[in-house]
Amino acid sequence: MSANELPVTDGAAAAPLHTSIHGDGPAGADHGGEGVWARAWRTLRKNPVAIIGFVIVAVFVLVALLAPVLAPYGGTELPGRADVRPTMIPGPSAEFPLGLDRYGGDVLSKLIWGAQASLLVGVLSTLFGLTGGLLLGLLAGWFGKWVDFAVMRLVDLMLSVPSLLLAVSIAAIVGQSSMAVIIAIGVVQVPIFARLLRGSMLAQKGQDYVLAASALGLTRRSVTMSHVLPNSVGPVIVQATLSLATAVIEAAALSFLGLGGGEPSTAEWGRMLTAAQQELAVAPRLAILPGICIAVTALGFTLVGESLREALDPRNRTRR
Amino acid sequence: MLRLIVQRLLLLIPLLLGLSVLLFGWVRALPGGPVQAMLGERYTPEAAAEIEAQLGLDQPLIVQYGKYLLRLLQGDFGVSLQSGRPVIDEFLTRFPATIELTVVALVFAIGIGIPLGYVAARRAGSIVDHSAVVVSLIGVTVPVFFLAFILKYLFAVELGWFPTTGRQSATMIATHPTNFYVLDGLLTAEWDAAWDALVHLILPGIALGSIPLAIVARMTRAAVSEVQNADYVRTARAKGIKASRLRGDHILKNAMLPVVTTIGLQVGLLLSGAVLTETVFAFSGIGSFLADSVFNADYPVMQGFVLMIAVVYALVNLLVDVSYGLIDPRLRRQQ
């Protein structure tokens, strides 16, 4: 397939979600000279899937940030403690719109505070993974040779253990706390980012513009920092968005395995879901509500990540 | 082909050595060190000293590692703190359960994912295509244990169509020569036992299979939509080839290579997912045992299981690489 003969069918090799944007642009419109990011933004704005994703993410972030204002009760408050009996957990009422849980917590408030907890875990663990991966990837990509070899073997080792087991092993060392969950999920992301960054830096290294920059007498450091790195950043941002989705899900899984630490009544989606297990037959809403929150949040980040991937993919550029 | 297999098996050695170093270090990094970790609440100075001498913890690290490695090579992975049985025995009696579960999950994922992805690509924009997208989004975004909850609640608790927990009904009397319960039932001609075991596999299998289903459907769709526009497919169609041969020999066969790779890569995810699914359904495979060992701080089990699971993972990936050659004759020649 030659470069000037991109088929105008959806679903290129990158397996995009199929609401594709190829050929959507005004025919013959000249956007010559605009940067990769401007072009990506232009395609994203017209992609309904991306817009749905952005809206979900925006609502989630707003709810998380405004939790103190939005939530009727505090995250650790148990306002309905007196109303809950082991055999009877009150459902929705005027005072508690989504009902109470077995500890007497207001489900609505806990869901809102749970968004904050999820956002915190997601952002911090992704930052952790990104920083670690960036350092390893830079180390490998910059020094090459045996450093590259050693770093990549370490990455292989980490990837040879299924991610959840790796996270569990790390949480076992760090101890049972929400910080342990963040570190565990972050460490799992490190090899993924390292491999991604090294791969895309290697690809950039072979480009003509790098040769040109070196020929002009730029040092290796300035070529790496101001040319190679910025050009390798696109796939990393896509991966970071997707890893926010993974982090929300994995945090719930680690809570489910009992690694979250703290009170079992903590306002965290994963914890709420786990606690609800015992009341599945009596009050299924206790499981369904946090489950939906996790799924929708993960969906939002996935949609944004996937449409960003599509928009940044040069194969999907509108033909001019 | 044989050379490739030997080469890849040799490459396993440094990987396992590296892992053994990491796991050796891991136990020492545990809070309070290995002795505290092993004794937990039963910790007394005397017991600690005894274990320390028993494990040779007073010796230099390198000697300790050498001994640890030697024990591993003899298949001695230590003793489970929960059950008092050797870790390797625990693994071997439970692994068949997880294999059965994984096979059901993969059959579900491949059986639905490939046809779904294929039809979605062939009829782009149709209802099937849209539902393929929805299915793959559900698989990626819904946590596997939440899906397991929902399936259990709907089909086991509410409707009562399937059993809620376990591998076989408690009332079922069956012999287990291999520990693959379905296979056992077939081998011993205890048909009701085989059927009972199979029914127990359905819900956890579907829950676990939801992850690879999403990815298989998506990869198949992408691969088929690329292949169906390839020049050789157009040529084949132009020369009037039968539609069934065009589908089978030209489109599907060529589209399968990336799909097989993807399926191989899912095994790690499946093993992670098995930990959660088996726990929800109290299904006694390696996953639920591993989850219990996390709860109970059973470090020898965690250490041994992680190592053995990594071996399984690596072997499956080797198998996938070998199967490329079977699908794609071009690769066979290169090898």
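**Spans in chain B**

I began with residues 304-327 of chain B: 100% helix, 0% strand, with the end C-alpha atoms 35 Å apart. Helices here are DSSP runs of H or I with at least four residues, strands are runs of E with at least two, and both are numbered from the N terminus. Next I took residues 197-217 of chain B, which are also 100% helix and 0% strand. Their end C-alpha atoms are 28 Å apart.

I noted that this is a predicted model, where local features need pLDDT of at least 70, side-chain atom pairs count only at pLDDT 80 or more, and totals for chains, interfaces and linings use all residues. Residues are numbered from 1 along each chain as its sequence is written, while chains are lettered from A and ligands numbered from 1 in the order in which they are written.

Where does UniProt place the feature "transmembrane region" in chain B? The unreviewed entry gives residues 101-121, 133-155, 197-217, 255-284 and 304-327. UniProt positions follow the numbering used here, feature names are shortened, and annotations may be inferred rather than shown by experiment.

**Confidence**

I checked pLDDT, the predictor's confidence in each residue, from 0 to 100. Chain B has a mean of 80, and 91% of its residues reach 70 or more. Where pLDDT is low, the predicted coordinates should not be read in detail. The model scores ipTM 0.78 and pTM 0.78.

**Where the chains touch**

Two residues are in contact if their C-beta atoms, placed from the backbone, lie within 7 Å.

**One proline**

I picked B:Pro258, in helix 11 of chain B. Buried needs 20 or more, exposed 12 or fewer, and partly exposed lies in between. Leaving aside neighbours within four places in sequence, B:Pro258 is in contact with B:Met219 and B:Ala223.

**A helix in chain A**

Last, I looked at helix 12 (residues 285-312) of chain A. Of its 28 residues, 24 are buried, so helix 12 of chain A is largely enclosed by the rest of the structure.

Note on methods: Expected span 1.5 Å × (residues − 1). Buried ≥ 20, exposed ≤ 12 C-beta atoms within 10 Å, placed from the backbone.
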